[in-house]
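Hi,

Here is the structure I said I would pass on.

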Amino acid sequence: MLLILLLNVVLIVLGYFAWKCSYWQRHGVQGPRGWPVVGNMWSFITGQQHYGDVYQQIYNDYPQLPYIGIYRLFGEPAILLRSTEMLKEVMIRNFHHFQDNVLWVNPKRDPVVSCNPFIAKGEKWRVMRSELVPIFTPNKVKSSFPHIENVCRKLMAHVKENMNTNCFEAKDLFSKYTLDVIASSAYGLDGETFSNTNSDFTTLVEHLFLPNPYSLLDSIVLLFSPTLGNLIKYTYFPKNVAIWLQSIIMNILSLRLDKAETGGANKTEHSDFIQWLIENKRKQNEPVDKATIVGHCSTFLLEGFETSSSLMAFALYQYAINPLEQQKVLNEIDEVLKRYDGKLCYEALQEMSYLEASLYETLRLHAPMMALLKHCTKSFELPPQHKGGQSFRVPEGMVCIVPVKAVHYDSDIYPEPLSFQPERFMGDKDKRPPCTFLGFGEGPRMCPGGRFGLAQSKAGIVSMLSKYSVHVADKAQGKPLKMAATTFLTAAENGIWIKFKERE
């Protein structure tokens, strides 16, 4: 009797999932067949393919469709956007129907990161973003440059000191650099990432996003299942890191706000992100909310160091395997620095158009996130997939997938998409078709700190390449770069190993 009962339960469960995986067929939307529980994500859940590669494969399989009906994990129906017109509809023209990003973080367990404008949902993201935008204007980024320049000197000293081994893991090297830049420019602190192997920034933060045995679980929780996250009490920001960050930022705020109240501090005494956040609140006659500033400081830390360090590491790898392109970058650096008497400065970086184009091309090949997920917050009608077909009304709560890697590797948009060609990004950025480059996102939720990220990346690269050329390290010769399949951010599975040679 028990066996019959169990068999009935199994049949009911399988029947439910089979019915769930007929969603698109029932709604007349074309797409790949989905399987119970795993949907179209079998190769992802088994660690064979990155989720971005799964979406890219489906994207390539349906070249004639403007969008595709697919199934994510647990048989969840979702829309994979394909044409640039559909991308524009969701990310720009009808953004108010899709304003939330999908990154499942519980604000009660992760209060610090709930202020992150990429993660925040509802109207909160708009408030949080509006507070950050004023500190990333060109003038503010220029004002931050002394912090960046100081850390560039530390980077150069570190490389020179370790030239006897001359085998650097690029992500590790540039994580130290960007962490130190953020510690200085955001918090007014010395991160000691090059001088102290036991510094808090190094031991607590540097390896947060690197591939680890739990990367696949992290990706599933963040991108697919808030229920699983609640079950295992997942936190995006490790508790010990959150406590540490809250402690140091609250201490900084107490010192500055207490001094200001007693007339003991001049507002020009500090020139960093925290101080600018304080000053902006005072200009608007609004109270300084310490908890919100701590939240913004987590955004500076996590996004300021991770995406820029990855960009720098991948860029130097591309230079190493594309010596002709590297030489063009070196020539431009030499030419521009000569006009500025060899001095690294913000103005000089603005004249390095080929260097900037090479960073955009690096982001095209190695975007930080291989796909962006938009949550439908207000029902929206998509046009028919085919002429004469029926339209589809996207229900509230459905996920629309922006397949970043697939778009960036589309040969109709970027001929010879696997080759490194910075020339693609030379010329007027405003004339570039919208939604064809998604390295910083697109639309109202584009990355607000992109300008600063490029500045710190360019400065570090110029410092290095003004003295050295970069090459693939001996231990990595003949070994193609392998991408991790389980991380939610783009990462090299076995590191990016490079070496430097002094330029004549």
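Predicted model: local features only at pLDDT ≥ 70, side-chain atom pairs only at ≥ 80, totals over all residues.

Let's start with the open sheet, which has 5 strands in the order 1-2-8-5-3, with mixed pairing. Its edges are strand 1 (67–71) and strand 3 (100–101), each of which pairs on one side only.

So is strand 1 buried or exposed, given its place in the sheet? Buried: 5 of its 5 residues are, so the strand is largely enclosed by the rest of the structure. Tyr67, Gly69 and Tyr71 point one way from it, while Ile68 and Ile70 point the other way, and all are buried.

If you want a place to start looking, Gly69 sits opposite Ile79 of strand 2. The hairpin made by these two strands has 5 residues between them, and there Phe74 takes a positive phi near 65 degrees.

Further along the sheet, strand 5 (residues 372–375) and strand 8 (residues 399–402) are also antiparallel, joined by 4 bridges. Here Leu372 is the residue opposite Val402 in strand 8.

Do look at helix 5 (residues 84–93) as well. This helix lies across strand 1, strand 2 (77–81), strand 5 and strand 8, and it runs at about 115 degrees to strand 2.

**The core and helix 14**

The largest nonpolar core has 155 residues, and the members that touch the most others are Tyr187, Tyr236, Phe300 and Tyr319. Helix 14 (residues 290–321) gives the most to this core, with 15 residues. As a reminder, nonpolar side chains tend to be buried together in soluble globular proteins.

Helix 14 also packs against helix 17 (residues 353–365): the two axes come within 9 Å and cross at roughly 105 degrees. That falls in the 65 to 115 range, so the helices count as roughly perpendicular to each other. On the helix 14 side the contact is made by Leu311, Phe314, Ala315, Gln318 and Tyr319, and on the helix 17 side by Leu355, Ser358, Leu359, Thr362, Leu363 and Leu365.

Tyr319 turns up in both of these places, as a core residue and in the helix contact. Leaving out neighbours within four places in sequence, Tyr319 is in contact with Leu355, Ser358 and Leu359, and its other partners include Gln326, Val329, Phe420, Ile461, Leu465 and Val470.

**Val181**

Val181 is part of helix 8 (residues 170–187). With a relative accessibility of 0%, Val181 counts as buried. Not counting residues up to four places away in sequence, Val181 touches Ile148, Val151, Ala186, Phe452 and Gln456. Asn164 is 17 residues from Val181 along the chain, and their C-alpha atoms are 26 Å apart.

**Cysteines**

How many disulfides does a search of the whole structure find? The count is 0. Take Cys400: the closest cysteine sulfur is in Cys376, 6.4 Å away, which is too far for a bond. Cys400 is buried, with a relative accessible area of 0%. Cys167, by contrast, counts as partly exposed because its relative accessibility is 30%.

Send me a note if you'd like to go through any of this together.

Cheers

Conventions:
Residues numbered from 1 in each chain as written. Heavy atoms only, no water. Core = buried A, V, L, I, M, F, W, Y, C linked by side-chain atoms within 4.5 Å. Buried < 20%, exposed > 50% of the residue type's maximum accessible area, 1.4 Å probe, protein only. Contact = heavy atoms within 4.5 Å. Pairing = 2+ DSSP bridges. Axes fitted to C-alpha atoms, helices over the stretch in contact; angles between N-to-C directions. Disulfide = S-S within 2.5 Å. Parallel < 35°, antiparallel > 145°, perpendicular 65-115°, else oblique.
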